[in-house]
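Below are my notes on the fold and the helix packing, as numbered points. Please read them with the structure open.

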Amino acid sequence: MEELVFWQFNLGRLNGRRIWLKSSAVRLAYSAASDTGYGGYIVELPAQVAAQGVWSANSAMDSSTMREVLAARRVLQSFAPKLAGLCARWHTDNQNVARIIDVGSRKSDLQEETKCISEICVPHGISIKPEWVPRSRNEQADYLSRI
């Protein structure tokens, strides 16, 4: 039986949000971007669920960092119902993206995408813990971004 632990403390710091923790509530998610598209997946038992797409002409011209943040947002958007109420350890092979998703960016376009990620997470009760992984550990998401 999964135990739910409810913590309600320091409401000012939490901006009034409740925190629900489940011992088995963590999902692993991976995302990547290429020049032509994005891809990603979440690891679930018994199967992995994938999402992918191609960039518009405008998005293809964006910086690689912007494309990686967009990839994370679009993959998250695809999986939001499956991740509802859970914590997602979000793996990316771009160190800047892990930091931007975690704390935001001074660049307005990247910050806007970070806000969009938050606007997906909050109503679904999703917590994201971004983590950098070497490209060699993100090969499947990278492959999905290229097909």
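**Notes on sheet and helix packing**

1. Residue T92 has W132, in β7, as its bridge partner. The two strands concerned, β6 (residues 87–92) and β7, run parallel to each other and are joined by six bridges. The coordinates are those of a predicted model, and everything below should be read as such.

2. The chain has 147 residues, of which 41% count as buried. Its secondary structure comprises six helices and seven strands, which follow one another in the order β-α-β-β-β-β-α-α-β-α-α-β-α. Taking contacts between residues at least 6 apart in sequence, 66% link residues at least 24 apart.

3. Five of the strands make up an open sheet of mixed pairing, ordered β5-β4-β3-β6-β7. At its edges are β5 (48–54) and β7 (127–132), each of which pairs on one side only. On average, and with direction ignored, neighbouring strands of the sheet are turned by 20° against each other.

4. Helix α4 (residues 95–103) lies across β6 and β7, and its direction makes an angle of about 155° with β7.

5. How do α3 and α4 pack? Their axes are 9 Å apart and the angle is about 55°. The crossing of α3 and α4 is right-handed.

6. On the α3 side of that contact are T65, E68, V69 and A72, and they meet N96, V97, I100 and I101 of α4. Sorted by class, the contact of α3 with α4 consists of five nonpolar residues, two polar and one charged.

7. Helix α3 (residues 64–83) also packs against α5 (residues 108–124): the two axes come within 10 Å and cross at roughly 15°. The helices α3 and α5 are therefore roughly parallel, because angles under 35 degrees count as such. The crossing of α3 and α5 is left-handed.

8. Which residues make the contact between α3 and α5? From α3 they are T65, M66, V69, L70, R73, L76, Q77, A80 and P81, and from α5 they are D109, L110, E113, C116, I117, I120, C121 and H124. By class, the contact of α3 with α5 has eleven nonpolar, three polar and three charged residues.

9. I120 deserves a separate look. The residue sits in helix α5 and has a relative accessible area of 11%, so I120 is buried, the cut-off being under 20%. Apart from residues up to four places away in sequence, I120 touches R73, L76, Q77 and A80. The C-alpha atom of I120 is 10.0 Å from that of A84, a residue 36 places away along the chain.

10. Is S59 buried or exposed? S59 belongs to helix α2 (residues 57–60), and because its relative accessibility is 10%, S59 counts as buried. With neighbours within four places in sequence set aside, the contacts of S59 are R67, L70 and R74. Of these, L70 is also listed in the contact of α3 with α5.

Note on methods
Residues are numbered from 1 along each chain as its sequence is written. This is a predicted model: local features need pLDDT of at least 70, side-chain atom pairs count only at pLDDT 80 or more; totals for chains, interfaces and linings use all residues. Side-chain values use heavy atoms; hydrogens and water are left out. Axes are lines fitted to C-alpha atoms, for helices over the stretch in contact, and angles run from 0 to 180 degrees between N-to-C directions. Helices (H or I, at least four residues) and strands (E, at least two) are DSSP runs, numbered from the N terminus. Angles under 35 degrees count as roughly parallel, over 145 as roughly antiparallel, 65 to 115 as roughly perpendicular and the rest as oblique. A crossing is left-handed if the near helix is turned anticlockwise from the far one by less than a right angle, and right-handed if clockwise. Contact means heavy atoms within 4.5 Å. Ala, Val, Leu, Ile, Met, Phe, Trp, Tyr, Cys and Pro count as nonpolar, Asp, Glu, Lys and Arg as charged, and the others, Gly among them, as polar. Two strands pair if DSSP finds at least two bridges between them. Buried means under 20% relative accessible area, exposed over 50%, partly exposed in between (1.4 Å probe, protein chains only).
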